[in-house]
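Welcome! Have a look at the model below, and then we can walk through a few of its details together.

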Amino acid sequence: MTEGHISTTSQGPSANPAPGDLAGVIDSLSQRIELVRRQLGQVIFGQEQTVEQALISILSGGHVLLIGVPGLAKTKLVDSLGTVLGLQANRVQCTPDLMPADIVGSEVLEEGEGGRRSFRFIKGPVFCQLLMADEINRASPRTQSALLQAMQERKVSVAGHTYALPEPFHVLATQNPLEQEGTYPLPEAQLDRFLLQIDVDYPSPDAERQMLIVTTGANEAGLTRILAPEDVMSAQRLVRRMPVGEKVVDAILKLVRAGRPELTAIKDVKEGLAWGPGPRAGQALMLATRARALIQGRFSPSIDDVVALAHPVLRHRIALTYGARAEGATPKAIIDRLIAEIG
C-alpha cells in the first residue's frame with residue numbers, strides 16, 4: 001500500500017470505514033466480480049481485456065465507446081453485461097433518420113373520459129440502466145446532442161419537462177472504424193463524456209477456435225445474474241471511497257498535463273497534438289484506476305494501473321495535427337511517449 005493516501009468521499013463519517021473493514025469489503029466484492037468475469041468468459045471469447053475495461057467503466061459510473069470491426073461480439077458483450085449485472089438493457093440502432101424522440105421519448109395527445117384531452121409522456125429506450133447505442137456515429141448531430149444530455153446529466157428534457165433516468169445509467173456505444181460513408185463524427189464534447197474508448201481487437205487463434213466450436217454447437221452456455229443494480233451502485237460508491245496514494249495522483253497529473261500542447265515541454269507532443277486531454281481525463285483516470293484495483297482485489301491503485309489505463313482514457317481525448325498525421329504519427333505513439341514520462 002502506498003503512502004499518503006487521500007480520499008474524495010463526501011458522504012460523511014459513515015463513508016470512511018476502518019482500513020481493515022474496507023479491505024474486507026473490497027475482497028468480498030472482488031470475488032463476486034471474478035464470478036461475473038467467468039460468466040462473461042463463457043460467451044465472450046478472447047476478449048478478456050475488453051471485458052475488464054467495460055467492467056471498469058461501469059464500476060466507475062461511466063460510459064464506454066467500443067470501436068471494432070463487425071463480428072467481435074460488441075453487441076453480445078452489452079447483452080451479457082445486462083444479464084450478469086442484473087441491469088435493464090435496451091438497444092438503439094443508430095441511423096441518419098433516427099430522431100431525438102426515438103431515443104428519449106415523446107408526448108402524445110390522449111382523450112380520456114368525458115372527452116378531456118391531455119398529453120402523456122411515453123418513455124423512449126433511453127429509460128433503462130444499460131443503453132447500447134449501436135453505430136452511434138450514424139446518428140445525426142441533433143440526435144447525438146440529445147444523447148449527450150442523458151449521458152452527462154442522467155436526465156432528459158421533453159416539452160419543457162425534465163425526467164430523471166433510472167439508476168445506474170450507462171451508455172455503451174459502438175462504432176465501426178472501417179465504413180465511414182454516411183457517418184457523423186462525434187464532436188469532442190461528446191467524446192469527452194465517454195470514460196473509456198475500448199478498441200476491440202481480433203481474438204487469438206485459440207480463442208477463435210473455441211468460439212467456432214461453442215457458438216456453432218447445439219448447446220450454448222447460458223448466463224445467470226450475479227449482481228443486482230443495488231450491488232452495482234454500492235460498488236460504484238466503494239470505488240470513490242478507495243484511497244489513492246500521492247504518487248499515483250502525481251502520476252495522473254503529470255500524464256494529463258504533459259499531453260496538453262500549450263503546457264508540455266515534450267517536443268513531440270507540442271508539435272504533434274492539436275489539442276490534448278482536459279480535466280475529465282484526470283478524473284477518469286482517478287476513478288478507473290480505483291476500479292481496476294477493486295476488480296483485482298487490491299486496496300488501492302498503483303502506477304501500473306495508470307499505465308494500463310492511459311490508452312483507453314486518453315486516445316479519444318487527443319487530436320493530432322495535420323502535419324503529424326502526414327508524417328505517420330499515431331495517438332498510440334503519443335500516449336506511449338507520455339507514459340514514458342511517468343515511468
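## Aromatic pairs

How many aromatic pairs does the count come to? The count comes to two aromatic pairs, where rings of Phe, Tyr and Trp (its six-membered ring) pair if their centres lie within 6.5 Å; planes under 30 degrees apart count as stacked, over 60 as edge-to-face and the rest as tilted. F121 and F127 are edge-to-face, at 5.8 Å centre to centre with 70° between the planes. F121 and Y163 are stacked, with 4.1 Å centre to centre and 10° between the planes.

F121 belongs to strand 4 (residues 117-123) and Y163 to strand 7 (residues 161-164), so their pair ties together parts 42 residues apart in sequence. Together, F121, F127 and Y163 make up one aromatic cluster. Both F121 and F127 are buried, meaning under 20% relative accessible area (1.4 Å probe, protein chains only).

## Two packed helices

Helix 9 (residues 246-258) packs against helix 12 (residues 303-314) at an angle of about 30°, their axes 10 Å apart. The two are therefore roughly parallel to each other (angles under 35 degrees count as such).

On the helix 9 side, K247, V248, A251, I252 and L255 meet I303, V306, A310 and L314 of helix 12; contact means heavy atoms within 4.5 Å.

## About the model

This is a predicted model: local features need pLDDT of at least 70, side-chain atom pairs count only at pLDDT 80 or more, and totals for chains, interfaces and linings use all residues. Residues are numbered from 1 along each chain as its sequence is written, and side-chain values use heavy atoms, leaving out hydrogens and water.

Technical notes: Axes are lines fitted to C-alpha atoms, for helices over the stretch in contact, and angles run from 0 to 180 degrees between N-to-C directions. Helices (H or I, at least four residues) and strands (E, at least two) are DSSP runs, numbered from the N terminus. Angles under 35 degrees count as roughly parallel, over 145 as roughly antiparallel, 65 to 115 as roughly perpendicular and the rest as oblique. Buried means under 20% relative accessible area, exposed over 50%, partly exposed in between (1.4 Å probe, protein chains only).
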